[in-house]
Each structure stands twice: as C-alpha cells, then as structure tokens.
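Me: I would like to learn how to read the features of a protein model. Please take them one at a time.

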Amino acid sequence: MISLSGNALSRETYRIRLLFDLAGMEYELREGSDLSLVAEGERFQDAWRALSRLAPPDWQADGRWFAFARRLAASPTETALFRELDQHLWFGEREGKPFLCGDHPTVADIGCFPEVMMSDQAGISRLPYPALRRWTDRMRGLPGFTAFP
Amino acid sequence: MDRVVLDEWHVVAALESLSPGQEVPTRLLDTDLTLMRPAGTIVAAWPAASGKALPVCVRHGHVWTSLGTPPQPLFDLPFPVIAAGSVAIDVPARQILDAFLEDDAEAPHPYCVVRRKSATGLFVQPVEDQSSIVHLLARDQAGLAVARLEFAALKPILESRIAKQEPSPAMNAWYPVASGADLVSRHIFHTALAGQELALWRDDSGLANVWENRCPHRDVRLTIGENLGTELRCHYHGWRFSSGSGQCVGIPARVTTYPCVERYGLVWTTLAGAPEDIPGLDAPYCQPVRAIFVEAPLACVAAALPDQSGLILFPQPVSDTQTVIHGLSIDPAIPLRRHDDLLTRLRDQIEDGAA
C-alpha cells in the first residue's frame with residue numbers, strides 16, 4: 001500500500017493524488033505539512049520523481065512533455081508556455097492526439113494540470129487558449145478524476 | 001474608512017500558521033500589518049508603518065486584531081471550530097459572505113458565517129476593497145476535507161461574476177468569433193467581441209449558439225457551467241437555458257443571445273443592428289487555420305495583416321487591447337503548419353511593435 005502525506009492544498013500533493021486517482025492506484029492519504037510519500041519500500045520527497053517512478057507503463061510520458069510540465073510548474077505565469085501548450089494541443093486535436101503525448105493521458109498531462117487550473121488565480125485568463133480549455137474538459141472527464149481541494 | 005468597520009475585531013491569521021518567534025506580514029483594510037507569536041497563544045500585531053501595538057485576541061483557533069477600538073469581547077460560535085486553511089481571493093469580503101450565507105447558515109459576526117448542518121464556516125479578512133483572505137473552519141480533523149471541498153465549489157463562482165455590458169452600436173458588422181471545429185460536443189467556448197464576453201456552444205443536434213457570457217440570475221459566467229446537449233446549465237444555482245432561444249427552463253428569465261451563422265467553417269456573430277451580409281468568398285476550398293490571439297488593438301493588427309496568397313484573414317476585436325486573427329486557407333497544397341508559423345511570427349512582430 002502506498003502511503004502519502006502532504007498538505008492537501010499544495011499543488012505537489014495534488015499532482016501525486018491525481019496520478020493515483022486516475023490510474024486507479026490504491027493509497028492512503030494523511031494530512032501533513034511537507035510532502036512525504038512511501039511506496040515500494042522507497043521514500044519520495046520530490047513529486048516529479050514520484051510521478052515518473054510510480055506511474056504505470058501506460059501513464060509514462062515522453063521526455064519532452066514531461067520536461068515541459070516541470071518548466072510550467074517552475075514558471076506558471078509564462079505566457080509563452082501557455083501559447084506553446086495551446087498550439088501543441090490544437091494540432092494534436094487534428095492528428096487524433098487529444099492528450100499531450102498522444103491518444104491517452106500521461107504524467108505529462110497530470111504534471112501540467114494543476115498550473116493550468118490555478119492559472120486564473122495568478123491573473124492568467126484561459127480565454128486566449130481555446131485548445132487548452134478543451135483539454136481541461138477532457139482531463140476533468142477522465143474516470144477517477146478528482147478536483148483540486 | 002467606516003468607523004464601525006475600523007472598530008470591529010478582524011481575523012488576520014490562523015494561530016497554527018504562525019511559527020513561534022517568526023514575523024509574518026499580512027494586510028487588513030488597506031493596511032500592512034506584522035504579526036508575531038513570541039510563544040504559545042501570545043500574539044502581537046502592529047502596523048508595518050508605525051510599529052505601535054494593536055489590540056489582539058486569540059480565539060476560535062485564529063488571531064484577531066482591530067485598527068480602532070474594539071468595544072466588546074469577541075463573539076461566540078454555535079460549535080467549536082478548528083482552522084481548515086486560508087485562501088486569498090480577489091473578491092470583496094461582502095460578496096464572499098453573502099454567497100456563503102445561503103441555505104442554512106448564520107452570521108454571528110459581520111465577517112463570519114457558519115453552517116450548522118455541515119459544521120463548517122468561514123472568517124473573512126477584508127484585505128482591500130476587491131480582495132480578501134478566507135479562513136476556512138471545520139468542527140474537527142474529520143471535517144477538514146468537507147470544509148475545503150465546500151469552499152472549492154464556491155470559489156470559481158465568486159471569481160466568475162461579471163458585469164452586464166452594453167455593446168457599442170459601432171459593432172454593427174459580422175465578425176468571426178470561433179471556428180466551427182472549436183465548438184466540440186458538450187463544450188462551452190469562451191471568447192469576447194469588443195469587450196462583450198461571449199459563451200459559445202453547440203447542442204447535440206449540431207446547432208451553434210452565441211450567448212452573452214452571463215447568467216441573468218446572479219451574473220455568474222456561463223463558461224464555468226455545463227453544456228447538457230440541449231441546454232446550458234449555470235454552475236451557481238443550476239438554472240438551465242435552452243439552445244436556440246436562451247429561455248430559462250421553468251423560470252421566466254432569458255440569456256441575451258446573439259445571431260449565429262456558420263459559414264466557411266467559421267462561426268460569425270454581430271452584436272448590434274442588422275449589418276450587411278458576411279463577406280462573400282468565391283473559393284472552392286477553404287479550411288480554417290488556427291486562430292491567433294494577439295495582445296494588441298484591432299487597429300495595429302489590421303494595419304499589419306499581410307496580403308498572403310492562399311490565406312484570407314479576418315480580425316476579431318476581443319477588447320481594446322486584444323485581437324484574434326482568424327484565417328481561412330484556400331489552397332489545399334499549403335500545410336496548416338506553414339500558415340501557423342507565418343501567423344505566430346506576425347503576432348510576435350505586432351506585439352513587439354505595440355509594446
């Protein structure tokens with residue numbers, strides 16, 4: 001059993017929970033101040049390492065978009081990143097790839113999701129990013145999806 | 001500032017958020033404050049500008065202070081509470097309290113609302129006219145998640161209030177506001193035309209709607225609602241508006257609707273009057289390219305639009321400072337990516353020039 005403790009209001013905890021919830025992985029959640037995750041006999045303090053190590057094979061992302069998610073988390077108000085994401089998703093929609101790495105969601109989508117959903121709090125409207133708004137609809141429609149607390 | 005408000009006790013922090021010995025900045029009624037917890041439940045507060053100590057009391061798991069002379073002891077609550085997290089939000093304190101007051105709630109203090117049934121509540125710290133910090137309350141550890149979920153459901157509604165706008169009569173023309181492909185099944189597309197926010201959606205029969213992005217009930221944006229296939233459902237109180245007419249189901253209310261025509265793969269609308277027809281296009285092939293959002297006024301964009309062979313461009317004024325460029329590719333031999341490269345470079349040039 002995976003044991004996760006963390007601040008339920010932090011993006012890092014949410015990212016991990018989203019993977020567990022969407023991929024149908026069992027875990028127990030406890031409230032704590034810092035992120036701490038014990039899984040498969042290993043302790044994780046870094047959400048990104050946990051995402052890439054614990055994701056089941058069909059949730060693994062390609063390196064480019066996983067790296068992109070980390071850049072977005074580091075610069076969540078960078079217009080250029082939102083534009084890049086919107087453009088990528090628009091062409092993806094035409095090529096039968098509704099998610100960042102293709103036809104199914106991966107940890108790259110999960111990695112980007114909290115920053116995209118929180119962007120309006122940072123003063124970034126999603127009105128200029130129509131393909132990104134459609135992608136958030138798709139993410140919210142996935143089985144097991146949980147909203148940010 | 002109103003004397004009554006100044007003399008009130010105001011919440012400024014959850015006690016547990018203050019680490020002993022550490023100075024913590026906060027803001028109350030346009031005034032920067034510093035908080036400090038030397039030990040235990042002893043807390044000091046002073047305005048950052050003067051350093052003169054303010055009255056402080058610690059109660060209900062929170063720290064309270066006053067910028068005036070608080071007359072009476074702090075109020076009681078109908079049940080004991082613990083802090084369930086604090087959230088900053090760009091909404092006036094009054095609006096938050098009013099929204100939370102619905103249903104079975106009570107207000108033991110002007111800046112506090114509690115709900116007995118769910119055993120939750122909130123203290124609101126008025127930071128400035130348009131911004132607040134909400135301190136969430138739960139009865140116990142087990143209630144923390146309920147308190148947070150309850151507010152998480154309310155927060156987007158509070159942040160999505162929008163004022164009614166009157167379109168300018170100068171907008172007597174057809175503009176493209178989306179491509180037909182943007183309006184995917186069960187989605188609500190968000191855009192604006194000349195400052196008027198619009199919610200666009202396609203019903204399950206394929207009919208497209210262009211509506212004002214405002215629920216007539218409580219002014220919440222419809223774009224945070226739900227496309228049910230035959231109706232649009234407002235996220236706040238669940239009022240449903242029918243495709244086509246915008247008529248509310250079972251309630252005498254109607255959303256403001258605008259004309260909607262799909263032509264050449266684009267969705268066109270007009271905000272005022274009965275304009276000339278949509279520009280005629282004599283092309284055997286046309287395919288919308290990706291619309292490009294530009295942070296520049298219409299005049300700057302219109303002046304920079306190139307006369308590009310194989311591409312017809314239509315600017316949509318979004319606001320006084322923003323424009324969307326819609327394009328139709330009329331040459332099937334040119335890949336959409338090439339048009340996209342051209343238009344994103346054009347956007348960067350226009351924005352550099354407008355800056």
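Me: Which residues touch the most other members of the largest nonpolar core?

Reply: This is a predicted model, so a feature here is a feature of the prediction. A nonpolar core is read by looking for the members that touch the most others. Here the largest core has 52 residues, and the members with the most such neighbours are B:Ile96, B:Leu122, B:Phe151, B:Leu158, B:Leu222 and B:Phe241. Helix H3 of chain B, residues 144-159, gives the most to this core, with six residues.

Me: What is B:Leu158 in contact with, leaving aside its neighbours within four places in sequence?

Reply: B:Leu158 is in contact with B:Ile89, B:Val91, B:Gln95, B:Ile96, B:Ala99 and B:Phe151. Of these, B:Ile96 and B:Phe151 are also named among the core members that touch the most others. There is a second, separate core of 50 residues, and A:Phe20, A:Ala69, A:Leu81 and A:Ala131 are among its members.

Me: Next, the interface. How many residues of chain A are in contact with chain B?

Reply: An interface can be read by residues, by area and by pairs. By residues, 19 of chain A are in contact with 29 of chain B. By area, the two chains bury about 2100 Å² between them, and 54% of that is on carbon and sulfur atoms. On the chain A side, A:Arg83, A:Leu127 and A:Arg133 supply 30% of the area that chain A buries against chain B, more than any other three residues.

Me: And how many salt bridges and polar contacts are there between chain A and chain B?

Reply: There are four salt bridges between chain A and chain B. Seven residue pairs are in polar contact, counting pairs with both residues at pLDDT 80 or more. One of the salt bridges joins B:Arg337 to A:Glu95, with the closest N and O atoms 3.3 Å apart. On the side of chain A that touches chain B, the elements giving two or more residues are helix H4 (79-94) and helix H6 (130-140) of chain A. H4(A) gives the most to that side, with six residues.

Me: Now salt bridges. How many are there over all chains?

Reply: Side chains of opposite charge can pair when their charged atoms come close. Over all chains, the count comes to 33 salt bridges. In one of them, the side chains of A:Glu12 and A:Arg15 meet at 2.9 Å, N to O. A:Glu12 and A:Arg15 are separated by about one helical turn, because they are three residues apart in helix H1 (residues 11-22) of chain A. A:Glu12 is partly exposed at 27% relative accessibility, whereas A:Arg15 is buried at 0%.

Me: Where do B:Arg116 and B:Glu106 lie?

Reply: The side chains of B:Arg116 and B:Glu106 meet in a salt bridge at 2.6 Å, N to O. B:Arg116 is in the loop between S9 and strand S10 (120-128) of chain B, and B:Glu106 is in strand S8 of chain B, ten residues apart. B:Arg116 is partly exposed at 48% relative accessibility, and B:Glu106 is partly exposed at 28%.

Me: How do S8(B) and S9(B) pair, and how many residues are between them?

Reply: Read the direction of the strands, then the link between them. Strand S8 (residues 105-109) and strand S9 (residues 112-115) of chain B pair in the antiparallel sense over three bridges. Two residues lie between S8(B) and S9(B), and the strands form a hairpin. The bridge partner of B:Ala105 in S9(B) is B:Arg115.

Technical notes. Residues are numbered from 1 along each chain as its sequence is written. Chains are lettered from A and ligands numbered from 1 in the order in which they are written. This is a predicted model: local features need pLDDT of at least 70, side-chain atom pairs count only at pLDDT 80 or more; totals for chains, interfaces and linings use all residues. Side-chain values use heavy atoms; hydrogens and water are left out. Two strands pair if DSSP finds at least two bridges between them. Helices (H or I, at least four residues) and strands (E, at least two) are DSSP runs, numbered from the N terminus. A nonpolar core is a set of buried Ala, Val, Leu, Ile, Met, Phe, Trp, Tyr and Cys residues joined through side-chain atoms within 4.5 Å. Buried means under 20% relative accessible area, exposed over 50%, partly exposed in between (1.4 Å probe, protein chains only). Contact means heavy atoms within 4.5 Å. Buried area is the accessible area (1.4 Å probe) that two parts lose on being put together, summed over both. A polar contact is a pair of N or O atoms within 3.5 Å; within protein, one must be able to donate a hydrogen and the other to accept it, and residues adjacent in sequence count only if both atoms are side-chain atoms.
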